Amino acid sequence: MPETLRPTLADQVYDQLLMKILEEEYTVNSRLPAEEVLAQSFGVSRPIVRAALSRLRDDGIVQSRRGSGSYVLRRPDRQLIGFVPLESVSDVQRCYEFRIDVEGAAAAWAARRRDSDDLAAMDHAYQVMEQAYKENAMGVEADQMLHLAVARASKNPFFAAVLESLGEQIAQGVKLSRSLTLLDIPGRQELVLAEHRAVLDAIRLKQPEVAEATMRHHITAAKDRMFVGTREM
């Protein structure tokens with residue numbers, strides 16, 4: 001594995017804390033041990049623990065309460081680790097974070113530059129994905145086809161090249177998000193389709209700001225859907 005892809009110490013602590021939350025060693029609403037205690041437990045420095053906690057906050061798993069420490073906000077569904085090894089969760093999350101910025105920009109440029117062929121390609125990919133959803137199929141290839149069509153509509157080959165180079169990692173994230181969607185209520189499928197429609201509508205109407213915002217919203221929501229589960233009431 002290339003050095004740049006090796007999990008950092010913060011990634012490892014993040015994974016271990018997430019597992020303890022999944023296993024309900026730390027239950028919803030409970031306070032996590034102090035940073036110093038966690039650092040000693042994991043054999044790392046306090047800055048490493050802080051970095052891991054920061055990411056858990058970003059993912060909506062824990063929250064900080066001023067002067068009181070960190071508390072478990074929600075427990076992800078255990079199905080999460082049934083579809084992807086726990087040690088891969090960090091990489092999937094970081095890939096989504098990267099996509100939010102890259103694909104948001106690609107959608108904005110697509111809204112400025114798309115032509116009739118681009119619209120046809122996006123509509124075709126959407127129809128394939130919609131059919132896959134109706135059949136309760138994974139639809140991973142259709143999803144990637146649609147996102148690539150948007151990137152190509154930007155008329156900037158670097159956007160498509162980046163998505164193609166990350167094809168395997170993106171597919172893993174889409175498969176995970178889609179697997180969890182199939183376990184959820186039917187309305188969640190329609191919500192995902194509506195997010196894609198909103199992006200395509202903005203591109204069709206040549207609204208770059210809206211296209212960027214809707215694409216960023218969609219990928220952020222897909223990232224968040226990885227962590228469905230028990231939430232603090």
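Student: In which helix is the place of V13?
Tutor: Good place to begin: this is a predicted model, where local features need pLDDT of at least 70, side-chain atom pairs count only at pLDDT 80 or more, and totals for chains, interfaces and linings use all residues. Residues are numbered from 1 along each chain as its sequence is written, and side-chain values use heavy atoms, leaving out hydrogens and water. Helices are DSSP runs of H or I with at least four residues, while strands are runs of E with at least two, both numbered from the N terminus. The place of V13 is in helix α1.

Student: Is V13 buried or exposed?
Tutor: A residue is buried under 20% relative accessible area, exposed over 50%, and partly exposed in between, using a 1.4 Å probe and protein chains only. V13 has a relative accessible area of 1%, so V13 is buried.

Student: Which residues does V13 touch, not counting those up to four places away in sequence?
Tutor: Contact means heavy atoms within 4.5 Å. I48 sits 35 residues from V13 along the chain, yet their C-alpha atoms are separated by 7.8 Å. Not counting residues up to four places away in sequence, V13 touches F42, V44, I48 and A52.

Student: How far does helix α1 reach from its first C-alpha to its last?
Tutor: Helix α1 covers residues 9-22, which is 14 residues. The expected span of a helix is 1.5 Å times one less than its number of residues. For α1 the expected value is 20 Å, and the reach in the model is close to that, at 20 Å.

Student: At what angle do α6 and α7 pack?
Tutor: Two packed helices are described by the angle between their axes and the distance between the axes. Axes are lines fitted to C-alpha atoms, for helices over the stretch in contact, and angles run from 0 to 180 degrees between N-to-C directions. Helix α6 (residues 116-134) and helix α7 (residues 140-153) have axes 8 Å apart and pack at an angle of about 165 degrees.

Student: What does that angle make α6 relative to α7?
Tutor: Angles under 35 degrees count as roughly parallel, over 145 as roughly antiparallel, 65 to 115 as roughly perpendicular and the rest as oblique. The packing angle here is about 165 degrees. That makes α6, relative to α7, roughly antiparallel.

Student: Where does K206 lie?
Tutor: K206 also has a positive phi of about 55 degrees, although K206 is not a glycine. At 48% relative accessibility, K206 counts as partly exposed. K206 lies in the loop between α10 (187-204) and α11.

Student: Is the crossing of α10 and α11 left-handed or right-handed?
Tutor: These two helices pack at an angle of about 160 degrees, with their axes 8 Å apart. That makes α10 roughly antiparallel to α11. A crossing is left-handed if the near helix is turned anticlockwise from the far one by less than a right angle, and right-handed if clockwise. The crossing of α10 and α11 is left-handed.

Student: How far apart are the end C-alpha atoms of α11?
Tutor: Helix α11 takes in residues 208-224, with A211 and T214 among its buried residues. At 1.5 Å a residue, its 17 residues should span 24 Å. The end C-alpha atoms agree with that, being apart by 24 Å.

Student: What separates the C-alpha atoms of R114 and A153?
Tutor: R114 has its place in the loop between α5 and α6, and counts as buried at 16% relative accessibility. Leaving aside neighbours within four places in sequence, the contacts of R114 include A153 and K206. R114 and A153 are 39 residues apart along the chain, while their C-alpha atoms are separated by 5.0 Å.
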